[in-house]
Number of protein chains: 2
Amino acid sequence: MVKIKQAEATLESLHRIFTVPEAPNSTLGEIEHAISQNLNRFLQDHIAATDCSLTEIEKDFNNPTIPDAPTFVSDHTAFLLEKLVAQSVHTSSPRFIGHMTSALPYFLMPLSKIMIALNQNTVKIETSKAFTPLERQVLGMLHNLIYQRNEDFYQSWMHSAAHSLGAFCSGGTIANITALWVARNSALKAEGDFNGVAEEGLFRAMRHYGYEDLVILVSERGHYSLKKSADVLGIGRESLVAIPTDENNRICLEKLSEKIVELKAKNIKPFALVGLAGTTETGNIDPLDHMADIAEREGMHFHVDAAWGGASLMSNNQRPKLKGIERADSVTIDAHKQLYVPMGAGMVLFKDPALVSAIEHHADYILRKGSKDLGSHTLEGSRSGMAMLLFASFNIIGRQGYELLIDQSIEKAAYFADLVEAQNDFELVSAPELCLMTYRYVPPTVKAALNVASPEHVDAIHTLLNDLTIFIQKRQREAGHSFVSRTCLTPSQWDRRTTNVFRVVLANPLTTREILQAVLDEQREIASTSSIALPKLLSLADTLLR
Amino acid sequence: MVKIKQAEATLESLHRIFTVPEAPNSTLGEIEHAISQNLNRFLQDHIAATDCSLTEIEKDFNNPTIPDAPTFVSDHTAFLLEKLVAQSVHTSSPRFIGHMTSALPYFLMPLSKIMIALNQNTVKIETSKAFTPLERQVLGMLHNLIYQRNEDFYQSWMHSAAHSLGAFCSGGTIANITALWVARNSALKAEGDFNGVAEEGLFRAMRHYGYEDLVILVSERGHYSLKKSADVLGIGRESLVAIPTDENNRICLEKLSEKIVELKAKNIKPFALVGLAGTTETGNIDPLDHMADIAEREGMHFHVDAAWGGASLMSNNQRPKLKGIERADSVTIDAHKQLYVPMGAGMVLFKDPALVSAIEHHADYILRKGSKDLGSHTLEGSRSGMAMLLFASFNIIGRQGYELLIDQSIEKAAYFADLVEAQNDFELVSAPELCLMTYRYVPPTVKAALNVASPEHVDAIHTLLNDLTIFIQKRQREAGHSFVSRTCLTPSQWDRRTTNVFRVVLANPLTTREILQAVLDEQREIASTSSIALPKLLSLADTLLR
């Protein structure tokens, strides 16, 4: 009896969590208010400024048992503030210039809350209604941005049940997989007795078409998600063929053509060519127009991975840099990068709205034939109404607003590149084409020594510079004042030697010139504390210059 | 000069959207306040009660051009309220019992805002820090819920760089694809000269292993995402072999064994067996323990799709129904279903934490070897910090709280099944095993007539009942008072005839017995307005009973 009464009381309190809001003076109510009032201050106040080791943090997240008894909202909120928020990353800080994430416009906070409160599922009309036409319009807007077709085109296809101008997805990886899935299924489509790869699978498809193998072509700067795509789609990572790049990290067209000839001689089918706009590590843009020519000539699906750089199309000033993208069969763009919406907004766009028939799926209970359910043309099933946030941003910021944001980010990168070049102890490794660039720290005497060093000595110096770069980047991250990322390139000016570099993405509109100067000053300061790589470098340089 | 001044002014106003919050008395500020005060009333007030045709709604989302000039936040918010929110679906209404989405606890609204404001990217530590150990803990909790391994196990593997207890993903479809990707890569692993399917692809894998074909086995009630997985993974939809079900919509073990013998005789490799817990259409649970025996005997990967039913493990009272799930190699669970978190929280769990090595990926700039970056073991790349919401729900609701929520949903379904059976003009088609059931409307004279009808007449009646079911379901949805979904089954009590049915999921804790009665009353009322199917049915019944 006591037990039943207890259960009833708990049930009653459970009902309350679905019906009674948090009081404004509750811990959670106060946090919400603080975020609404001053997001930047909330993040500054609550994210701890110094680094705590991952091993330390793991101790707070170590219990694999779901707690049996409930916890008060306020107590749990206090825990989250102290242990989770404090030890999270301040991705929107103007001094954190190593990521592709940036600050978010304020209006997206309350709009996100509306989106989550509505909890629509865009897999089908029945659970999304107006969110379905809205998402189709957003895809239409992006399609229009890339392909600039006429009004008739969009009126015919944007809301057509059997067509899709693209697919909204959780991120660029899913977008790239979706594009290459479409490409694979189109290349190995039904023919005669063969029902197509979607129905019969790759093994029978290859036997039917008589190819020795299938490959995807992309420059050596391709994003790792392409290798993942090749694995998932059953093509195999080895069949993602990396074409060398030129001195500007762009695919070498001559090498590409040679590779195609070589493959064809072996009866290997290159079914897809991927162009990059821009590359994840250097931000450079492949010669898309020439690649489109080659893809057309060879009957390959031409996909452009513009996950990061695609946002630059919002600026009419930058548009020419991406010339040829309008000839791509498919394009990936991430809105959570330089379109300034929260994480979880990738997209793939298709030039031909009928292309998605290659991956069309139906079921009895949803996605019935003839329905406009978005889920019949997406890799994912259930999805949220994220498209609403991009729609709102397009309207509230406007294309002109985006143009300014994009242009000033690129100007800022040009400024920073000049600043780096003006220092006698830094070296620009890849110049910015958009707002991304790489550089490293090289003491002046080492620069001088490099001019007189033998190839073996250059190797030795390079190895030490790599160690020093990694040392500086890690220490700077740990100190928590500012953050740049790092990657590993093979720049032609260093005879393709493996070169660790700092990488910065200057998308945050709040990053100032003073901050950029401070980042360099701090790196110089950290370098001077290096007790292994720097002394070795200086002594080696000394010897060489003696 | 004027142009530059204009640009500067616009840049200034652009900075404001990143730094100045919406005023509390702005349109958006007021909406946010309204949602915080009374979410249910906000949704009731703003979601229009009656259905508007999709064609009508599309007119509001018809412009494929990104607006050139910016719009005031308040103006755009007014547009969103009037055109988007008003025409969205009230998924959290207690009278909308056709979906697997339900009401959300209040505390998740402000927590979602914190999550979005932090904008972490869980693909790597550098952009997520504490969110990485938190997500690993959440996966550990789910793993523990399913597999109940000892403390040592979790201390060894939960935070281990080269291992993963599972993968958090956007939804059940990605979870199922991930599980079958792991299964495929494990079945066709490296051996001798062969580098494994991940590296070399399916074509070379099949030649190496010498199989004639690969198949995945699942009952005919399998979710459509499994077919999609078979397509994406290059196995082919035809190679998803559907095994017939028994009278309770559970896989027929005898037929399963027969099929395996048949496949092996043809040198076709069944590499994965999928168990359902429960099925999307009827909520039934496959005999998991017996399936585990068969999978073990045949060396197949045993995956359990518990996207919907897995939440029932939170109740010790329901746990026995899923017996055998702890023997699965992988399990899919969606937290955005009956774990009551917002859309976008799927998971796949792996019994063996080393299994993910089959899909491990690395790159130079992220996911470096030895890092604890979550992205090296996920299909997706960039992802949000959704795991935080599930973590908070586990703590705030507690396992006991979930147990009550689950138990009462199942009691409610049993009650509704009894209620349906007590009506002389309704028929229960599939009884609830968890909180999902199906039924249809059958006028009393038609029931009587069915007893004396010839097989041909039964066919005719069935077709008319199907039409009537579809008519009622559509009209009820359009009227907007309540919503049940529908699907198409082949129940054994009707000699496997195609049978359209109403489908309800009683997960919303706010759904009352009065509401359930009202749903039936409304359906009866709508049936009486049928001007084609109902008169035909009654006249046919009349003839037969004469």
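Author: A:Gly278 lies in the loop between strand 4 (268–276) and helix 13 (288–298) of chain A; helices (H or I, at least four residues) and strands (E, at least two) are DSSP runs, numbered from the N terminus. The peptide bond from A:Ala277 to A:Gly278 is cis, with omega near -15°. In chain B, a cis peptide bond joins B:Ala277 and B:Gly278, with omega about -15°. B:Gly278 is placed in the loop between strand 4 (268–276) and helix 14 (288–298) of chain B. This is a predicted model, in which local features need pLDDT of at least 70 and side-chain atom pairs count only at pLDDT 80 or more, while totals for chains, interfaces and linings use all residues. Residues are numbered from 1 along each chain as its sequence is written, chains are lettered from A and ligands numbered from 1 in the order in which they are written, and side-chain values use heavy atoms, with hydrogens and water left out.

Reader: What is the phi of A:Gln148, and is this residue buried or exposed?

Author: Buried means under 20% relative accessible area, exposed over 50%, and partly exposed in between (1.4 Å probe, protein chains only). A:Gln148, a residue other than glycine, has a positive phi near 50°. With a relative accessible area of 53%, A:Gln148 is exposed, and its loop runs between helix 7 (131–147) and helix 8 (151–157) of chain A. A:Asn267, also not a glycine, has a positive phi of about 60°; at 35% relative accessibility, A:Asn267 is partly exposed.

Reader: How many residues has the largest nonpolar core?

Author: In soluble globular proteins, nonpolar side chains tend to be buried together. A nonpolar core is a set of buried Ala, Val, Leu, Ile, Met, Phe, Trp, Tyr and Cys residues joined through side-chain atoms within 4.5 Å. Here the largest has 287 residues, and A:Tyr439 and B:Tyr439 have the most contacts inside it. Helix 14 (residues 387–422) of chain A gives the most to this core, with 19 residues.

Reader: What area is buried between chain B and chain A?

Author: The size of an interface is often given as the accessible area lost when the parts come together. Buried area is summed over both parts (1.4 Å probe). Between chain B and chain A about 15800 Å² is buried, of which carbon and sulfur atoms give 62%. The rule finds 14 salt bridges across this interface, each a side-chain nitrogen of Lys or Arg within 4 Å of a carboxyl oxygen of Asp or Glu. A:Asp213 and B:Arg204 meet in a salt bridge (2.8 Å, N to O).

Note on methods: Buried area is the accessible area (1.4 Å probe) that two parts lose on being put together, summed over both.
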